[in-house]
Amino acid sequence: MAATETKAPSSAAGLSWARVCKECGQQHEGQETHLYEYQNEVDDELVCHICLQPLLKPMDTPCGHTYCYHCLSNFLKEQDFCPVDRQRLQLNQCRPSSLLVRNLLDKLLVSCPHYADCQQKMQRCELQPHLHNRCPVFKRLREEAEKRKRPSWNEIKGRKGDGESSGDAKHSATLSRNPTRDQSEPGLINPAYEEIDDDNTPLRSSLVAEANVVELFRDEPEEELGLRIVGGKDTPLGNIVIQEIIRDSIASRDGRLAPGDHILEVNDVSLASIPHSRAIAVLQHPSLLRLTVMQEKGFKIRDQRSDHHASTFTASHSPHGNSPSSQNPGKVLHVMLTKTHRTEPLGIKLIRKSDESGVFILDLLPGGLAAKDGKLRNNDKVLAINGHDLMHGTPESAALIIQNSEKCVNFAVMRPAENPEEGGSSSREGQHSRGVRRAPEPQYFRRQTTYLKDPPGGFSCQEKTVSLKKEPRTSLGITIAGGRDCRSRLPVYITSVQPVGCLHRDGTIKRGDVLLSINGVDLTQLTYTEAVSVLKAQTAQSQVVLRVIQTLSEGGEEDTETGSRDDFDHVDDQREETRTWTPLWTHWLGLPSHMHWCRDIVLQKTNNESWGFSIVGGYEESHGQQPFFIKTIVPGTPAHFDGRLKCGDEIVAVNGATTVGMNNSSLIPMLKLQKNKVTLTVVSWPGSLV
């Protein structure tokens with residue numbers, strides 16, 4: 001057994017907030033390993049052979065040894081062999097240790113570094129939440145630092161001077177856990193942050209957000225993180241925002257990131273004032289990524305009941321919460337299970353579904369705690385556990401939260417209507433909860449003439465025509481993707497220009513160009529398969545006239561994502577969007593309006609519910625007319641539970657009235673007037689894949 005050093009209890013005297021590690025609470029340099037005060041001897045098998053302390057971020061070598069990630073990476077910067085058996089070794093040959101080993105390490109008992117003041121001992125994995133939420137010394141240090149300097153949320157995001165402030169002060173959000181967000185951002189209007197005046201409804205005292213550090217490690221340098229991101233200094237959004245988490249990816253398996261998170265820093269590099277393409281390059285660091293993210297948690301309720309904790313947000317007041325199933329497809333329920341001891345299993349089998357993201361209850365084991373309680377049911381969708389958002393989570397992350405819970409485990413679940421066949425005809429547009437399998441998606445339609453507008457400032461497009469003569473059997477040498485049947489209803493675009501084709505020799509057509517027509521045949525309305533058929537037929541001709549649109553941005557930087565792997569002759573292989581090169585999100589912003597496809601999204605709420613999203617855009621003196629974009633979607637609100645709105649979506653119209661030409665002060669009352677239902681017409685482009 002390895003004896004670990006237990007340090008004398010520390011006090012707040014002499015501590016500096018800037019020098020204190022926000023994860024372990026000790027004072028050490030940013031690149032040094034975390035320090036913990038272990039309460040018991042630790043098995044030698046869980047000790048790093050370099051630092052001789054319990055493992056942190058354990059990495060297994062091919063020769064069977066395990067080290068802390070930081071210890072091993074620092075060692076291999078100077079040497080090229082395993083420290084124990086001296087076999088040749090490189091860091092990219094190592095792999096993170098198994099979940100079992102990591103769980104054993106997480107359960108090691110440690111004391112708070114400020115034990116003299118708070119008298120708390122806990123498992124190692126619980127120390128960071130303890131410091132940020134319960135430790136009085138940590139709280140005092142943070143408050144003292146805030147008093148000395150309170151940067152605004154606007155400053156964090158590097159958007160100084162980015163337009164005038166919102167026209168309605170009532171829509172500013174005060175964050176109880178995020179002291180850096182004291183002011184609403186200029187140009188930001190917040191129908192999500194509406195105050196509630198009804199005496200029958202609990203008041204929301206504040207919108208809760210937290211700054212967290214998330215470390216992700218790539219097993220392979222080229223492995224995708226599984227994030228789709230939007231935003232950047234060169235776009236109306238300003239911030240870099242996570243639009244989507246790709247299933248079964250590094251980020252999905254980690255479980256701590258969620259759609260809507262704002263990425264503030266990557267490996268100590270601020271993303272506040274860099275363009276979109278530069279942010280992509282920063283996020284493509286080959287190994288370890290340390291992300292500082294601002295995460296919205298939802299509204300905190302002032303008059304919480306005794307059986308609800310601080311993590312209960314507006315989910316309990318969802319429009320689906322108390323209505324009969326005949327009116328809504330499902331309802332949100334809060335269930336608290338109390339274990340007799342910390343390690344008692346709940347008796348719940350959790351699964352994921354192939355057609356919907358999130359975590360679902362497959363079965364309740366007979367005789368188990370959940371089955372005896374009787375409130376949870378099969379097919380309930382797990383929205384959150386102990387305040388951790390699982391709308392896009394995995395069964396593995398849910399199981400880890402349960403495993404690390406104390407005796408009380410709080411579930412927020414979405415339950416489908418008991419008679420969906422009967423209720424379906426009466427609820428129609430209102431049935432959009434992600435906890436229920438919805439009817440087929442509404443029809444997409446071309447952007448109407450009354451909705452047309454110019455691209456955002458800094459983006460434009462130009463049309464090109466190429467006419468060439470060729471031998472009938474000579475290939476154009478291009479691969480394509482998109483089509484109006486793909487998930488994002490993208491136009492057909494070129495993913496690569498092969499060096500053997502006649503278009504490569506011409507040099508006019510580039511990767512990312514959107515195809516308009518070939519020999520006069522319109523391609524803008526076609527599905528992928530139809531476009532492939534037309535291209536094959538027309539390239540058999542000796543004369544080819546190709547019309548394309550190229551989108552441009554002021555930055556002029558090339559898209560940097562991975563290349564296409566298949567020719568468009570291989571239709572089946574090319575259909576999977578993640579297997580083909582796709583332009584960055586900013587590429588689509590310059591596309592002319594007549595190429596946009598819209599869809600209507602209907603949200604419903606009670607009279608005093610917030611819609612749950614914030615918006616940037618509209619007319620500003622410094623930027624002129626900008627489109628309105630969704631910037632934030634707040635957990636526990638109608639927009640969140642509906643699940644179809646995404647950060648980066650452009651709002652084209654509200655209840656059929658175009659937003660083109662509107663300013664903030666015009667759109668705010670339009671949204672506030674919609675008491676129970678609103679129809680948003682949106683254009684949704686896929687975020688850039690990292």
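Before we start clicking, here is one rule: two strands pair if DSSP finds at least two bridges between them. Helices (H or I, at least four residues) and strands (E, at least two) are DSSP runs, numbered from the N terminus. This is a predicted model, where local features need pLDDT of at least 70, side-chain atom pairs count only at pLDDT 80 or more, and totals for chains, interfaces and linings use all residues. Residues are numbered from 1 along each chain as its sequence is written, and side-chain values use heavy atoms, with hydrogens and water left out.

**Stop 1: the whole chain.** Select everything. You're looking at 17 helices and 33 strands. Of the 690 residues, 53% count as buried (under 20% relative accessible area; exposed is over 50%, partly exposed in between, using a 1.4 Å probe and protein chains only). Now think about contacts, meaning heavy atoms within 4.5 Å. Among those between residues at least 6 apart in sequence, 67% join residues at least 24 apart.

**Stop 2: strand β9.** Select residues 227-231. Five of the five residues here are buried, so β9 is largely enclosed by the rest of the structure. To see where they line up, click glycine 231: isoleucine 240 in β10 stands opposite.

**Stop 3: strand β33.** Which other strand is joined to β9 by two bridges? Select residues 688-689 and you have β33, which runs antiparallel to β9. Click arginine 228 and look across to leucine 689, its bridge partner in β33.

Stay in β33 and pick serine 688. Is serine 688 buried or exposed? Serine 688 counts as buried because its relative accessibility is 0%. Show its side chain, then find tryptophan 585: the serine 688 side chain reaches the backbone nitrogen of tryptophan 585 at 2.7 Å.

**Stop 4: proline 58.** Jump to strand β2, residues 58-60, where you'll find proline 58. With a relative accessible area of 5%, proline 58 is buried. What does proline 58 touch, leaving out residues up to four places away in sequence? Its contacts include Thr66, Tyr67, Arg95, Val101 and Leu105. Finally, draw a C-alpha to C-alpha distance from proline 58 to serine 98: they are 40 residues apart in sequence and 8.8 Å apart in space.

Key. A polar contact is a pair of N or O atoms within 3.5 Å; within protein, one must be able to donate a hydrogen and the other to accept it, and residues adjacent in sequence count only if both atoms are side-chain atoms.
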